[in-house]
Amino acid sequence: MFWALVMGWKTIQQSDSLEHDAVPISVIIAARNEALNLYGLLHDVLAQNYASFEVILLLDRCTDDSFSIVRKFQEKDSRLRIIPITEIPDEWSPKKWVITQGVQAAKYDLLAFTDADCRMGENWLREISIYADKQELVLGLGVYEEEPGLLNRLIQYETLYTAFQYIGAASLGFPYMAVGRNLAYRKSFFLENQGFKGVEHKLSGDDDLLVNAYAQKTTTSCMISPESYTVSIPKRSFSAWFQQKRRHVSASPSYSLRSKMLLGVFHVSQMWFYMGILLTLFLGLTVSAIFTLYICRLIVCGAGWYVIRKKIPRSNILPLYPILDLAMFLYYLLIVPMGLILTPEWKK
């Protein structure tokens, strides 16, 4: 399964066309008390090297200076539209309700989504337009700023490993998730599938649940060129990161049965490799045999990363692969079950 994903990545072609018939795009952003991040975000979005687009900023019950900051940008650029959200229906999760209001307000059929703490290059929308040609869904990569420290290395690797899975799977004809900080789809795709109907109450999944339920292999594309990345601010404490990942994992029980089975086999096999090592040590298998098995795994998987190293972001962390792979074992052993069992917290 690992090497199937590697081959999926190998089939993806990066965009290199500078000439493209630009279709209008509506950029939809939900923000909740993000005053500190809105300066950078709006500067990048409004400076896009793209002919026709609008920006819909939905201010979700903000109590900080977000509105005054955004208003100053709007006075200088009429492409920016502000929609204040004052109430959330009881049966809806906040993010899904806000996103739905943005989709309904959009003037154009092609919609691009990102988060308020993201930054992007000036050709982000151009990349989306290229990959969205004759497609209804575009999956992008959302990476995190590089900072010193073990936590940041773990965040970088977990983000890379997640992207390795969902981009690789989509390129093989099995799109099952996306990240909302870099995602595009048609307004018609959202409306024809009745948006978040059936999962509107779930706190997470405003991105992956929509993709998991309705994405088709023939109408989904993946953009992996560096100019298409969005860059977010990483968590700076283990507790904040744990809470974020618990929230992300909590959406997976609503995945399709096929998705859950394939992901279960993939992740459980990784967990049981390390569990098997511990078990065989306990049962008395020689250390040399276990070490040989471990080295074989590193060679097989390391070779896969080497094959696609030029196509993946943050490939400079791959020399730490042996340590980070072990850390992912602990992640699946501890954090994933917590996300599946415990109800995640969210800002109300």
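Trainee: Why does V300 count as partly exposed?

Mentor: V300 has 44% relative accessibility. Buried needs under 20% and exposed needs over 50%, with partly exposed in between, so at 44% V300 counts as partly exposed. Keep in mind that this is a predicted model.

Trainee: Where is the place of V300?

Mentor: You'll find V300 in helix 11.

Trainee: Let's go inside. Which residues touch the most other members of the largest nonpolar core?

Mentor: Those are L139, Y185 and W305, in a core of 78 residues. Helix 6 (residues 150-171) gives the most to this core, with 12 residues. Apart from it there's another core, of 32 residues, including V55, L59, L110 and A132. In soluble globular proteins, nonpolar side chains tend to be buried together.

Trainee: What is L139 in contact with, leaving aside its neighbours within four places in sequence?

Mentor: Quite a list: among them are Y166, I167, A170, M177, L183, V211 and C222.

Trainee: What makes strand 2 mostly covered?

Mentor: Strand 2 (residues 53-60) has 8 of its 8 residues buried. F53, V55, L57 and L59 point one way, while E54, I56, L58 and D60 point the other way, and all are buried.

Trainee: How do you know that strand 1 and strand 2 pair?

Mentor: To pair, two strands need at least two bridges between them. Strand 1 (residues 25-31) and strand 2 have 7 bridges, in the parallel sense, so they pass. One example is I29, whose bridge partner in strand 2 is L57.

Trainee: And why is T63 called exposed?

Mentor: T63 has a relative accessible area of 69%. Exposed means over 50%, so T63 is exposed. T63 lies in the loop between strand 2 and helix 3 (66-76).

Trainee: What makes D44 and R119 a salt bridge?

Mentor: The nitrogen and the carboxyl oxygen have to be within 4 Å. For D44 and R119 the N to O distance is 2.6 Å, so the pair counts as a salt bridge. D44 lies in helix 2 (residues 35-46) and R119 in strand 5 (residues 118-120), so the pair ties together parts 75 residues apart in sequence.

Trainee: Is D44 buried or exposed?

Mentor: Buried: its relative accessible area is 9%, and the limit is under 20%. R119, at 36%, counts as partly exposed.

Trainee: How do you know that D206 forms a salt bridge with K95?

Mentor: Their closest N and O atoms are 3.6 Å apart, and the cut-off is within 4 Å, so the pair is a salt bridge. D206 is in the loop between helix 7 (187-192) and helix 8 (208-214), and K95 is in helix 4 (residues 94-105), 111 residues apart. Both D206 and K95 are buried.

Trainee: What about E147 and R236?

Mentor: E147 and R236 also form a salt bridge, with their closest N and O atoms 2.7 Å apart. E147 is in the loop between strand 7 (142-144) and helix 6, whereas R236 is in the loop between strand 10 (230-232) and helix 9 (238-249). R236 is exposed, with a relative accessible area of 58%. Elsewhere, salt bridges that share partners join K95, D115 and D206 into one network.

Trainee: How many salt bridges does the count come to?

Mentor: The count comes to 12 salt bridges.

Trainee: Last one: why does K134 count as exposed?

Mentor: K134 has 74% relative accessibility. The mark is over 50%, so K134 counts as exposed. K134 sits in the loop between helix 5 (124-131) and strand 6 (137-139), and its phi is near 60 degrees, a positive value in a residue other than glycine. N33 has a positive phi too, near 50 degrees, but N33 counts as partly exposed, at 32% relative accessibility.

Notes. Residues are numbered from 1 along each chain as its sequence is written. This is a predicted model: local features need pLDDT of at least 70, side-chain atom pairs count only at pLDDT 80 or more; totals for chains, interfaces and linings use all residues. Side-chain values use heavy atoms; hydrogens and water are left out. Helices (H or I, at least four residues) and strands (E, at least two) are DSSP runs, numbered from the N terminus. Buried means under 20% relative accessible area, exposed over 50%, partly exposed in between (1.4 Å probe, protein chains only). A nonpolar core is a set of buried Ala, Val, Leu, Ile, Met, Phe, Trp, Tyr and Cys residues joined through side-chain atoms within 4.5 Å. Contact means heavy atoms within 4.5 Å. A salt bridge is a side-chain nitrogen of Lys or Arg within 4 Å of a carboxyl oxygen of Asp or Glu.
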